[in-house]
Amino acid sequence: MTTAPLVAISGLTVAFDGQPALRGIDLAVAPGEAVGLVGESGCGKSVTWLAALGLLPPRARIGGSARIDGTELIGASAATLDRVRGGRVAMIFQDPASSLNPVHRIGRQIAEALMLHRGMAGRAAREEARRLLDQVGIPDATRRLDAYPHELSGGQNQRVMIAIALAGRPELLVADEPTTALDVTIQAQILDLLQQLRRDTGMALVLISHDLGVVADTCERVCVMYAGRIVEEAPTDRLFAHAAHPYTRGLIGALPPIDGPRRPLLAIPGGVPEPWAMPPGCAFAPRCAQRVPACDACLPADAAVADGHRAACLRAVTASIPAEHAVA
Amino acid sequence: MLRFLAFRLARAALTIAMVVTFAFIVLRMSGDPAQIIMGADAPPEAVDAFRTAWGLDRPLWEQYFHYFGAILSGDLGRSMRDGRDAIVLVAERIPATLALTIPALLIKVGIGVPAGIYAALHRNSLADRIVMVIAVAGFTVPSFVLGLILVLVFAVQLGWLPSGGQESWRHAILPIITLGVGGAAVLARFTRSAMLEVLGQPFIRTASAKGVPWRMVVTNHALPNAAIPTVTIIGFMVGSLIAGAVVVESVFSWPGVGRLLVVAVSNRDLAVVQCILLLVACTMVVANLVVDLLYGLLDPRLRSAPRQATA
Amino acid sequence: MRVGAELLKAEGLVRRYAMRRGMFGRSVELRAVDGVSLTIERGRTLGLVGESGCGKSTTGRLVLGMETPDAGSVAFDGRPVPPPGTAAWRALRARMQMVFQDPLGALDRRLPIGVQVAEPLDIHGIGARSERAARVESLLLAVGLRADQGARYPHELSGGQRQRAVLARALATDPALLVCDEPISALDVSIQAQVMNLLVDLQERFGMGMLFVSHDLRAVRQVSHRVAVMYLGRIVEEGEPDAVLQDPAHPYARALVAAIPHPGRSGRRTVLQGDPPNPADRPSGCAFHPRCPVASARCTQDAPTLKRRPDGRMIACHVAQGDAAPGRGVLAEAA
């Protein structure tokens with residue numbers, strides 16, 4: 001990557017009550033780019049960003065570094081974090097209905113962010129809040145300012161969350177499973193909206209999802225996480241055509257195709273290891289068809305497979321064959 | 001809105017009518033007032049005359065309808081002891097009771113709510129554990145035990161405060177503390193769990209992710225939501241302002257409504273007992289009504305949220 | 001017991017609920033299911049797809065007789081399904097089983113899964129007591145669990161293993177019909193694939209008919225032989241999964257297909273506007289018309305009926321049936 005990263009995470013670790021949740025994350029996000037973070041539940045994809053922004057509960061033990069434009073966020077003061085959160089980096093979450101305060105009006109919740117990050121109050125804040133609701137595609141924005149979250153649908157609430165996120169004019173929006181709780185047609189609306197806003201504002205986007213399809217639609221680069229580590233990272237097209245890590249290939253194979261002959265899916269056997277029973281070597285080894293004895297010896301290091309494509313697998317370089325489900 | 005109010009008022013009236021009926025039946029079943037008031041050695045003719053004078057010789061259902069009709073016309077009867085109006089007797093005692101229960105309520109809310117909030121915000125800290133130990137002790141120890149302990153320590157041993165009576169403000173201190181501690185303990189525990197519940201909600205994380213400083217997250221986002229369940233308990237305490245001091249008034253010989261009730265019950269002074277029970281029922285019902293209306297103010301979801309009924 | 005023979009036939013199912021709006025509101029009638037007819041064949045799967053509130057789960061419960069329809073009928077094996085709660089219904093339930101979204105909620109936390117798999121055998125008195133242990137073991141093996149895992153409690157298993165245990169229990173009575181309500185939605189991607197493979201595999205071995213209720217067209221295509229798309233209590237399109245996916249005829253089916261996120265699908269797709277409608281506030285005419293990009297004047301007044309096209313596809317749309325010229329949608333026409 002030639003441009004200096006906007007956010008640089010290195011060696012980030014998180015443990016809850018002694019159980020590791022993140023085991024060394026290295027991830028850089030350049031200004032304006034869209035990065036997808038994919039993995040199954042418990043892989044640490046959300047924890048990575050909650051840790052970077054200081055949003056984890058106090059019992060979480062955090063190590064490593066997360067910097068925005070050189071400013072360290074891990075262990076930073078509350079004042080520093082409050083300026084970054086919602087200002088330079090905004091975040092939206094999975095369940096929009098419960099992510100909004102049920103007793104405050106929509107307009108007030110947007111205005112709060114405007115006050116904090118842009119010093120706007122009163123009439124100016126209300127006008128700007130209305131403009132933001134317009135921008136995220138909520139019809140009849142003026143009236144909606146006085147609505148409560150329970151009066152809106154799930155899709156509209158997620159739009160409100162996005163409006164709140166936009167209020168601080170962030171350079172990066174972290175969207176944590178933003179469409180998982182929504183209906184299929186609404187999911188498409190929200191993903192479209194995120195794309196359009198990125199084009200209009202030039203902000204970077206990190207899209208956290210369990211669904212490779214969702215990420216493929218939206219992001220230029222994808223990081224695949226497994227058991228607290230990034231196991232593969234590649235430009236989106238390359239990942240789907242030439243996935244190097246067996247886990248990535250498994251995830252792609254597990255997606256039901258939308259055309260072609262129907263045959264059994266390439267399901268990955270077994271399940272994700274529990275944090276207290278991590279395999280000594282590669283965490284994926286027990287489920288891996290390409291496993292060799294060396295896989296159990298130690299954690300595989302990141303290896304470059306191609307330009308901008310790295311994988312943490314001993315067999316990645318030699319086994320860099322196209323994935324079975326490569327899509328034309 | 002009007003439909004809702006009318007419905008709630010009708011329900012309140014029904015509750016009060018049920019209390020009145022229940023009190024009437026239980027009191028008539030539990031012994032002959034004539035015999036008790038006239039004394040065991042009173043001549044039978046005198047007891048019969050008493051019965052006739054108070055209508056106790058009429059059939060029970062007739063007494064009931066007569067009594068109910070009287071209440072509806074505002075007549076709460078007269079004391080069988082001294083013939084004065086029951087309502088006057090009770091009203092005389094209300095200020096003394098409120099002199100205990102209102103300061104006690106202030107203690108409950110003023111100590112219980114902040115202690116609960118503090119404990120929740122510092123969950124699992126030493127302070128949290130101390131608050132919770134005190135809270136558990138505070139509401140497991142019955143008020144008459146606590147009252148007696150306080151009397152033993154501050155009146156008998158240290159001699160700082162009087163042990164009973166109503167001569168000066170110093171006499172009120174121990175009963176007020178006795179009343180306040182238990183309620184504060186209940187409120188502290190309740191507020192703490194309400195706060196913890198709210199602090200675990202996703203919208204709290206949203207507020208932090210927005211860059212709202214923690215202090216404002218607590219005051220602007222957590223407290224308004226935690227207030228919703230806490231108000232229920234406070235409403236219940238307000239409802240018991242008049243009847244909540246029966247035990248403590250007895251322990252400290254405080255001449256309030258509670259003590260009047262105890263005396264009237266042991267004397268089978270029917271009109272007085274019924275008058276107090278009616279008053280208690282009314283305050284409870286009014287407090288509940290106010291809590292319901294407050295809910296609507298505090299929680300917009302209750303104003304318009306769709307509710308699924310059974311098919 | 002021929003594959004493809006009719007197993008269950010539901011006709012004109014209607015289910016209404018009363019719903020109260022707000023604290024002070026009046027009760028409103030909500031039609032969760034509004035005239036659904038469907039057929040499930042032996043050894044075949046019917047996929048039922050739609051968004052939340054479209055009535056697909058209610059349809060699943062109506063089919064099993066767990067709820068009584070307000071109108072319409074369900075026939076199983078050519079005979080009407082008896083009213084729920086009766087002895088005849090309970091006997092029939094052994095042949096019709098249901099699998100839910102949340103396996104942990106469906107299992108009893110206090111009992112080992114082996115005991116729970118044996119339970120239907122005890123309830124319906126199937127097999128000799130001595131044979132049941134062997135039967136449980138073969139059921140566990142059939143769903144890909146080890147025999148020794150029968151001694152495990154639900155919380156000791158992973159989400160995927162729990163759903164396998166639920167399936168083993170559902171299969172215990174050798175049912176002829178299996179209704180699966182979002183059986184994979186709560187599972188991780190790699191586990192979803194395992195369960196979908198298992199469903200297909202079990203159907204090949206045991207030959208039961210299936211109703212697969214899901215919001216995910218990809219999953220429906222993977223396991224179904226026919227697919228019915230529901231919108232607001234009605235089936236709006238029904239046909240072969242591949243045909244529907246490649247050439248959806250109803251504008252709503254088109255939108256659902258377009259909304260499938262899938263790697264390698266390039267180009268801007270048409271995104272459906274608006275929110276899923278409130279079943280308590282049903283639009284006039286075709287229920288889809290407020291969101292429909294091709295709605296015409298007729299669609300706002302006249303509800304289309306489900307009709308069969310010459311190629312066998314069933315569609316309920318004036319425009320797709322050629323009875324109305326395509327409009328530009330209600331929003332565009334109003335503007």
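Q: Let's start with the domains of chain A: how far apart do the C-alpha centres of domain 1 and domain 2 lie?
A: Those centres lie 27 Å apart. Domain bounds come from an automatic or database domain assignment, and here that assignment gives domain 1 (7-219) and domain 2 (225-311) in chain A. Keep in mind that this is a predicted model, where local features need pLDDT of at least 70, side-chain atom pairs count only at pLDDT 80 or more, and totals for chains, interfaces and linings use all residues. Residues are numbered from 1 along each chain as its sequence is written, while chains are lettered from A and ligands numbered from 1 in the order in which they are written.

Q: How many residues does the contact take from domain 1 and domain 2 of chain A?
A: Two residues are in contact if their C-beta atoms, placed from the backbone, lie within 7 Å. By that rule, domain 1 of chain A puts in 21 residues and domain 2 of chain A 14 residues. On the domain 1 side, the largest share, nine residues, comes from S2(A).

Q: What does S2(A) pair with, and in which direction do the strands run?
A: Strands (E, at least two residues) and helices (H or I, at least four) are DSSP runs, numbered from the N terminus. Two strands pair if DSSP finds at least two bridges between them. Here eight bridges join strand S1 (residues 7-16) of chain A to S2(A), and the two run antiparallel. For instance, Ile9(A) has Leu27(A) in S2(A) as its bridge partner. S1(A) and S2(A) form a hairpin with two residues between them, and Asp17(A) in the turn has a positive phi of about 50°.

Q: How do helices H7 and H8 of chain A cross?
A: Two packed helices are described by the angle between their axes and the distance between the axes. Axes are lines fitted to C-alpha atoms, for helices over the stretch in contact, and angles run from 0 to 180 degrees between N-to-C directions. The axes of H7 (residues 154-167) and H8 (residues 184-201) of chain A come within 10 Å and cross at roughly 15°. H7(A) and H8(A) are therefore roughly parallel to each other (angles under 35 degrees count as roughly parallel).

Q: Which residues of H7(A) and H8(A) meet?
A: Among them are Ile162(A) and Leu166(A) in H7(A), and Leu193(A) and Leu197(A) in H8(A).

Q: How many residues does the contact between chain C and chain A take?
A: Chain C gives 33 residues and chain A gives 35 residues. The largest share of the chain C side, nine residues, comes from H7(C).

How values were computed: Parallel < 35°, antiparallel > 145°, perpendicular 65-115°, else oblique.
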